[in-house]
Amino acid sequence: MMAGESTFGPGDYGPMGIDEFTLPTDQSQLSQVIASHLASVTSVQPGSVEYAATEFSYIGSLLQETAAPPAVQAALLTLAQNLPGITLIGPDAAPDGVSGIGFATSVPTGGGPSQELIFNPSTGALVAHEDWSTDSLGSKTLVQWTSFVAGGVVDNTSTTVPASVTSSPTTSN
């Protein structure tokens with residue numbers, strides 16, 4: 001197994017522990033499911049900028065689970081884009097060149113952390129996740145990033161999905 005690869009056995013739904021085939025596609029219901037989960041793992045109050053950033057991060061984590069049905073992925077994308085404080089970055093690329101359309105959380109007043117999710121504009125698939133730090137003068141530093149080059153479901157834990165890096169024809173900011 002290569003660095004960064006993960007496999008999960010039958011009934012093990014990966015790092016999120018969620019069977020995405022059971023998630024609702026209705027925006028209101030999906031939002032309630034996510035809010036219920038967040039209430040069990042954080043004390044951040046709904047309606048705050050911090051809550052929107054936490055919800056955005058959680059949605060990004062769910063979108064890393066590539067086996068989700070397309071309708072669930074579309075519902076998660078729609079929910080993410082409608083969160084308060086989420087902005088469209090537009091065409092962007094991760095440091096390894098994987099490119100797509102970026103959405104990011106707001107930077108707190110005075111600087112602080114933010115996140116960016118980059119999606120393939122043709123498929124809606126999450127292709128990269130970046131964590132940024134912005135200082136009080138507005139200078140951004142990339143703290144860490146992950147690109148998702150392959151994912152899928154196989155019928156055993158010894159098989160892996162072949163990696164093929166394809167990126168959309170966009171430019172980096």
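This is a tour of a predicted model, taken element by element from the whole chain to single residues.

**Whole chain**

Three helices and five strands are present. Going from the N terminus, the elements follow the order α-α-α-β-β-β-β-β. The protein has 173 residues, of which 34% count as buried. Among contacts with a separation of 6 or more, 44% come from residues 24 or more positions apart.

**Helix 1 and helix 2**

Select residues 27-41, which are helix 1, and residues 49-64, which are helix 2. The two helices pack with their axes 11 Å apart, at an angle of about 105 degrees. Because the range from 65 to 115 degrees counts as roughly perpendicular, helix 1 is described as roughly perpendicular to helix 2.

Now show the side chains at this contact. On helix 1, pick S31, I34, A35, H37 and L38. On helix 2, pick Y51, T54, E55, Y58, I59 and L62. Sorted by class, the contact between helix 1 and helix 2 consists of seven nonpolar, three polar and one charged residues.

**L79 in helix 3**

Move on to helix 3, residues 70-81, and select L79 within it. Is L79 buried or exposed? L79 has a relative accessible area of 8% and is buried, since buried means under 20%.

Display what surrounds L79. Leaving out residues up to four places away in sequence, L79 touches Q27, L30, S31, I34, E55 and I59. Of these, S31, I34, E55 and I59 also belong to the contact of helix 1 with helix 2. To check one distance in the viewer, take the C-alpha atoms of L79 and L30: they are 8.3 Å apart in space, while the two residues are 49 residues apart in sequence.

The five strands form an open sheet in the order 1-2-3-4-5, with antiparallel pairing. Strand 1 (86-93) and strand 5 (140-147) are the edge strands, each pairing on one side only. From one strand to the next, the twist averages 25 degrees.

Bring helix 2 back. Helix 2 packs on the sheet and touches strand 1, strand 2 (99-105), strand 3 and strand 4. The direction of helix 2 makes about 35 degrees with that of strand 3.

**Across the sheet, pair by pair**

Begin at strand 1 and strand 2, which run antiparallel and are joined by seven bridges. Select G90 to find G102 opposite, in strand 2. The two strands form a hairpin with five residues between them, and G97 in the turn has a positive phi of about 95 degrees.

Stay on strand 2 for a moment. Six of its seven residues are buried, so strand 2 is largely enclosed by the rest of the structure.

Next, look at strand 2 with strand 3. How many bridges pair strand 2 and strand 3? The two strands pair over four bridges, in the antiparallel sense. F103 has L117 of strand 3 as its bridge partner. Six residues lie between the strands of this hairpin, and G110 in the turn has a positive phi of about 85 degrees.

Continue to strand 3 (residues 112-119) and strand 4 (residues 126-134), which run antiparallel with eight bridges joining them. Here F119 stands opposite L126 of strand 4.

Finish the sheet with strand 4 and strand 5, an antiparallel pair with seven bridges. H129 is bridged to T146 in strand 5. Strand 4 and strand 5 form a hairpin with five residues between them, where G138 in the turn has a positive phi of about 95 degrees.

**S147 in strand 5**

For the last stop, select S147, in strand 5. Strand 5 is an edge strand, yet S147 counts as buried, at 18% relative accessibility.

Show the residues in contact with S147. Apart from neighbours within four places in sequence, these are A94, D96, V98, V127 and A128. Which residue makes a side-chain polar contact with the side chain of S147? The partner is D96, at 2.9 Å.

Definitions and conventions: Residues numbered from 1 in each chain as written. Predicted model: local features only at pLDDT ≥ 70, side-chain atom pairs only at ≥ 80, totals over all residues. Heavy atoms only, no water. Axes fitted to C-alpha atoms, helices over the stretch in contact; angles between N-to-C directions. Parallel < 35°, antiparallel > 145°, perpendicular 65-115°, else oblique. Contact = heavy atoms within 4.5 Å. Nonpolar A, V, L, I, M, F, W, Y, C, P; charged D, E, K, R; others polar. Pairing = 2+ DSSP bridges. Buried < 20%, exposed > 50% of the residue type's maximum accessible area, 1.4 Å probe, protein only. Polar contact = N/O pair within 3.5 Å; in protein donor to acceptor, adjacent residues only side chain to side chain.
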